[in-house]
Each structure stands twice: as C-alpha cells, then as structure tokens.
Amino acid sequence: MSHTADLWWKNAVIYCLDVETFFDGDGDGCGDFRGLAQRVDYLDEMGVTCIWLMPFYPTPDRDDGYDITDFYGVDPRLGTKGDLVEFLRLARDRGIRVIADLVVNHTSNQHPWFQSARSSPDSPHRDWYVWRDKPPADGPEGIVFPDQEKSLWEYDEKAGQYYLHRFYKHQPDLNVTNPVVRDEIVRVLGYWIHLGLSGFRVDAVPFLLETDGALGADDLPDPHRYLRDLRAFLSRRYGEAVLLGEVNLPYPDTMRFFGDEDGDELTMCFDFIGMQQLYLSLARESAAPLAKALEERPIEPKDAQWATFVRNHDELTLDKLSDDERQEVFDAFGPEKNMQVYGRGLRRRLPSMLDGDMDRIRMVYSLLFSLPGTPVLFYGEEIGMAEELGVEGRNAVRTPMQWSDDHNGGFSPADPDQLSAPVVRGEFGPANVNVVSQVRAPDSLLSWMKLLIRRYRQCPELAWGRYQVLTHDADTVLAHRADQDGGTVVALHNFAAEPAEVTLRLDGLEPDDRLVDLIAGGSTPVEDGRMTLRLGRYGCRWLRVLKRGEVFVP
C-alpha cells in the first residue's frame, strides 16, 4: 500500500444505490445513468462523497443484477458506456468518487464463459468453473439461500458433470484457483479503474477466496495471497483506489481480510457484528450489546477502516446473534413471517421497524455518524423510505426512490406496470415520504441527515481518532469519545423511550475546558473532569471539547 495515497475513505460518506431504481431519465420505467446524472447535485448537496453502484452490468436479472453475463459491459436498460462515463465525470467534478460492485465469485449461467465451459471437456473455459463427476461428500457446507436451493452442486446435462454454486444454481462459481481466471479478474479491475472508478465493493469475499470445492485444494497457496495481489495491482494503477469487502464473519476472522499490520488486503470491511448488536440494543432498549461489540472490535490496520451501516441492499442479516437473541429482534421489529427471510434476517427498512418514531430514527442515524468508522447509507434512508413486503425476498427494500408525491413517486412517468420494481404503498409511500417535501423542511429527516453529515465532516476525530466507550451508570445510554491531535468529541445516545441522566468522567480535560453541543447548540460545564447530562426519549448529543478562547463555527 502506498502511504502517500490520499486516504479519502477514512472520513467518506458512502451512498449505495441501484441505478435501476434511482431515477428514470428516458421514461421507460427503468432507472438509468442519464437519470442518475440528473440527481448528482442532490447527492452533492446532501454531503455524499462516494457513490457505491450496485451491479450495472449486462444480466438476465434473475438476482437483481448479481448474475452477470459481461463484466466489461453496461446493461442496455441502464444506458451506454458513454452515459456511465458522463455520470462519472459529473460526479468527479463535484468531488464525489464512485465505486462499483465487484461480483466475481460467480457468473450467470448465461455468461459466454459458462456456455463455452459446458460445451465440451476440452473447452478453454472448462476449468474456469468447478466441476465434479459426483458431488463430494465432504464438500463445502452452508447453503446461502436455503429456501431456494437444496444443494451447492447442480448437474448440467450438456456438460455431463456437476458444477459448484455457492448461491443460486443459475450462478455457477468461478474457479479462482485457476491463474487464468485470476488474471481475468485483474483485467476487469484495471478496465473499470481506467474508465474512472475509484474502487470496488467486493461481493462475498470469503466465498470468493474459498478453495474447498477445488481439486487438490490442500496443495493450493494461501488464498489471501490472491487478495494481496488484487490490492497491490490497484495500488500500482491508482493509489487512491479502495477495496470495500463484504465479510460477514466474527471479528477475529474478519481481521484476516485486512491483511498484515499495514493493511495489504481489503482497505475496508463492513462491521456486520456491530450492526447486528445495534439491533439487539434497539430491541432491548439497552446500550450494552452494542457497547460490548465496540469494545471487542479490533483496531484496524493504520491505513484501513471499518465501514458502519444501519441498512444495506440485502436482508438485514442477524446470523451472528444467538437463536434467542435473533428471536428478540424478530419479536421487536419483524414479528410476522413475511417480514423475515431465510430464517436469519429481516426484509424491512428501519423506519417501518421503528413504527415511524422519528425521535428514535434520528437517534439511530446520529449514532451511525458518530461511531468510529466510515458511514454507509443505502438510498432512501435519508428520507425514511420503508420496504414493500409485496415484493419477493430481499428485493422488498430495493424499490424506486421516492422523489415527490407525483405519479410513481416522481421516479418515472411510465405506467406503473412498466416499472423495474413497484413503488412502496401505504403510510411510507411517496404521498408521505419523498424528497421534495423534505428538502426545505428544517425539521425533516433529510435536513437531519444533512446536519449529521456536516458535523461528521467537521469532526475528524470520529474517523481518525482513538475511540473509547465511556463507563457510567445509565444502562440505556451509549457514551463514547474520540480523540485526535488534541481534539475531543463525546457522543451520547439514549436507546430508551424514557429520559436518562448520565454522569461522565472525562480524563485529560483542563479546568477551563467546556463542552459545546454540535447538534442542539449550547454548552455543558465540566467540573473536576466530570459532567452530568440529561437526555430525552431517544435523545442524542454530540459534544466538542473547547479550550479557553476556542470557538466552534457551525
């Protein structure tokens, strides 16, 4: 890793979106890059510094674009490569970087590589995939979609063999033990970096590196060597490029994917453990589960970073909770069976889970932006969008962006039956939840998010500093501080509907220091290194330590 590279990801604000459901620029019912280009200024004004694009490649679209038929193309429904490059230019002109999903654990079964591979044992692409005459009895375990698939191996009549698929049977796994396949993946990265991407969100990293199904796997080199090679390639091509990894594993296992102490593998990893403990804290109205996770979370390598999030584009996975803990979250936020998915998660968004309680919703996002790490938003979170449970599976949360209370929520002028996905109905539909109604309303969720993003960017301690969970006697309150280069920020969040009073000891403060409130204004006195604060229902405070003579300019 080049230590002279701009570590922009350390304090970025990442915004994930699906081009297909963001904004329709040509009126055909499907979002596209021309439409996205028209909304870049909206994202810029909100404070977004990095856009993460879900897959935009050619696809049969049996898994919302994660089944790819051409890693070098743009799905014609979304526009042309020219449209994509124009969007990238507009984003870069506003200081916004763009990363994209890198989905190379598997391809679509319609990909020319797979069609070639299954055509003959002598095909040059045959060993680009993992084949067996019979499924091995001791093969890899763990079916990702147990309600859809019963095996990780599928028999192909034309090939006369079984192929490995970690995900759906129409997504055969690539054989990453094959050096030719690894070289091809490197070419894919180089191509998109050349066109203007600033990196990739790497899909299903542990599965990508898995060699359990490969012949002679015991003799293969450490698969992490491949991840180091990818990182080294990117660093040579573009020192600022980032690899953001989807690694849903316990903390010690996730740390392996950062690499050595200098961080020579993934640049960032999502904090899945912290996210799941957050929901347990919300369900219990107790800060303890999240506080424990944050205290146990390892410190990332010097140039790496954790990525924090409340929701993402998949189901809200709760797989690292115990069965009883998961049931607590289900009971609180998804008691009906059609709200749950795969027995391990919820297919809901936060506002509906919290019954539209704006105090509680605001508290959760205040927490997100004050936690150590880089915050990642999923499109629509900034206005409080909910899910559409009438849509199958995880796609319930991938509905069209709600721009106004007009036809189709302002997403598209097309007939509703032509839309790429149905618009949310009911109390969280566009009539009540949309950008236009919130953009100039000072008490709206969108205005709150803009304030949080502005304060987050004004507090480098939160992204760069030393982090500490503070002890006190109020079980419902999470209090933490971040220190960097002489600056200190303290954040407090009340997980309960009942008000709470907190007394904190803050080491290292001088007698004349004071704490100014970055969110609500005003200041809090400190006496003998101690302060006492009262938090309202689901209350939140961000406090900056100011020395004598220092002034905070909001």
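**Exercise 1. Locate Thr69, decide whether it is buried or exposed, and list what it touches.**

Step 1. Thr69 sits in the loop between strand 2 (50–53) and helix 4 (81–93), where helices (H or I, at least four residues) and strands (E, at least two) are DSSP runs numbered from the N terminus. The model is a predicted one, in which local features need pLDDT of at least 70 and side-chain atom pairs count only at pLDDT 80 or more, while totals for chains, interfaces and linings use all residues. Residues are numbered from 1 along each chain as its sequence is written, and side-chain values use heavy atoms, with hydrogens and water left out.

Step 2. Thr69 has 18% relative accessibility and therefore counts as buried; the term buried means under 20% relative accessible area, exposed means over 50%, and partly exposed lies in between (1.4 Å probe, protein chains only).

Step 3. Setting aside neighbours within four places in sequence, Thr69 is in contact with Pro58, Thr59, Pro60, Ser108, Gln110, His111 and Pro112, contact being heavy atoms within 4.5 Å.

**Exercise 2. Describe two other residues of the loop between strand 2 and helix 4, namely Phe71 and Asp64.**

Step 1. Phe71 is found in this loop between strand 2 and helix 4, and at 4% relative accessibility Phe71 counts as buried.

Step 2. The contacts of Phe71, leaving aside neighbours within four places in sequence, include Tyr57, His111, Trp113 and Trp192. Thr476, in contrast, is 405 residues from Phe71 in sequence and 48 Å from it in space, C-alpha to C-alpha.

Step 3. Asp64 also has its place in the loop between strand 2 and helix 4, and Asp64 is buried, with a relative accessible area of 13%. Its phi is near 50°, which is a positive value in a residue other than glycine.

**Exercise 3. Asp355 has a positive phi in a residue other than glycine; where does Asp355 lie, and is Asp355 buried or exposed?**

Step 1. The phi of Asp355 is near 55°, and Asp355 is located in the loop between helix 13 (350–353) and helix 14 (358–370).

Step 2. With a relative accessible area of 70%, Asp355 is exposed, whereas Asp64 is buried.

**Exercise 4. Work out the surroundings of Asn109.**

Step 1. Asn109 belongs to the loop between strand 3 (97–102) and helix 5 (112–119), and its relative accessible area of 15% makes Asn109 buried.

Step 2. Apart from neighbours within four places in sequence, Asn109 is in contact with Arg62, Phe114, Gln115, His170 and Pro172. The C-alpha atoms of Asn109 and Lys169 are separated by 8.2 Å, although the two residues are 60 places apart along the chain.

Step 3. The side chains of Asn109 and Gln110 are joined by a polar contact of 3.1 Å. A polar contact is a pair of N or O atoms within 3.5 Å; within protein, one must be able to donate a hydrogen and the other to accept it, and residues adjacent in sequence count only if both atoms are side-chain atoms.

**Exercise 5. Which side chains make polar contacts with those of Ser198 and Trp542?**

Step 1. Ser198 lies in the loop between helix 6 (179–195) and strand 7 (199–202), and at 0% relative accessibility Ser198 counts as buried.

Step 2. The side chain of Ser198 makes a polar contact of 2.9 Å with that of Arg92. Not counting residues up to four places away in sequence, Ser198 also touches others, among them Trp8, Tyr238 and Glu240.

Step 3. Trp542 lies in strand 22 (residues 540–546) and is buried, with a relative accessible area of 0%. The partner of its side chain in a polar contact is the side chain of Ser366, at 2.9 Å.
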